[in-house]
Amino acid sequence: MALLNILCYPDSRLHKVATPVTTFDEKLRKLVADMLETMYEAQGVGLAATQVDVHQRLVVLDTSEERNQATVLVNPEITWYSEERVKGEEGCLSVPGIYDGVERAVAVKVKAADEHGQVRELEAEGLMAVCVQHEMDHLMGKVFVEYLSPLKRNRIKTKMLKAQKEDA
Ligand code: K1U
Ligand code: ZN
């Protein structure tokens, strides 16, 4: 397994739209294993392939306390959103150190394949539902800061660019 580089906002590659996975092979399963290792190492609860500069419809998640319930979503599609919505704090591994409120559906149903091509539908609520919606946005090239005001977003952009300059 290997740790992958996570793209940091405002990298333009975070805005690419991912294309469907067409081949369920060992290369895909190695990418899944590497993404899980990267997500756990970064202490995230989710990671989209877009964030590691792979523009395919693939997401890994683990919102369990024990960090032992990995979920792999290949070609995910949200088939149902609850009417009830809630505004909660979100973070993003591509926007380190920034947390802000985003309104999302409280529950969703998502249809997706696993890394072997087996398709199933699962229902998510709470943090997992928020995480699924956040990761699906990544696959569409959208970063959570785009829900914030232009003023906040520009401040975040400036802060990120300054931190990246200092790190270089
Ligand atoms: O996509 C990502 O960058 C991962 C992101 C997922 C996410 C967390 C919380 C709300 C929405 C989406 C993270 O894992 S952020 C960091 C984190 O570990 C975390 C943040 C809030 C609650 C639990 C964990
Ligand atoms: Zn994110």
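Leaving aside its neighbours within four places in sequence, with which residues is T71 in contact? The legends below describe a predicted model, in which local features need pLDDT of at least 70, side-chain atom pairs count only at pLDDT 80 or more, and totals for chains, interfaces and linings use all residues. Residues are numbered from 1 along each chain as its sequence is written, chains are lettered from A and ligands numbered from 1 in the order in which they are written, and side-chain values use heavy atoms, with hydrogens and water left out.

**View 1. Surroundings of T71.** T71 is in contact (heavy atoms within 4.5 Å) with V59, V60, L61, R120, L122 and M128, its neighbours within four places in sequence being left aside. The residue belongs to strand β3, which covers residues 71-81; strands are DSSP runs of E with at least two residues, helices are runs of H or I with at least four, and both are numbered from the N terminus. With a relative accessible area of 14%, T71 is buried. Here buried means under 20% relative accessible area, exposed means over 50%, and partly exposed lies in between (1.4 Å probe, protein chains only).

**View 2. The zinc site.** The zinc ion (ligand 2) is coordinated by SG of C92, NE2 of H134 and NE2 of H138, at 2.1 to 2.3 Å. Donors are N, O and S atoms within 2.8 Å of the metal (3.2 Å for Na, K and Ca); water is not among the atoms, so sites may look incomplete. Along the sequence, the donor residues of this zinc ion follow the spacing C-x41-H-x3-H.

View 3. H134 and H138 are separated by about one helical turn, because they stand four residues apart in helix α2 (residues 127-139). H134 counts as buried because its relative accessibility is 7%. H138 also counts as buried, its relative accessibility being 0%.

**View 4. The chain as the setting of these sites.** The protein contains three helices and seven strands, which follow the pattern α-β-β-β-β-β-β-β-α-α along the sequence. Of its 168 residues, 45% count as buried. Among the contacts in the protein with a separation of 6 or more, 65% are between residues 24 or more positions apart. The C-alpha atoms fill a box of roughly 45 × 40 × 30 Å, taken along the principal axes.
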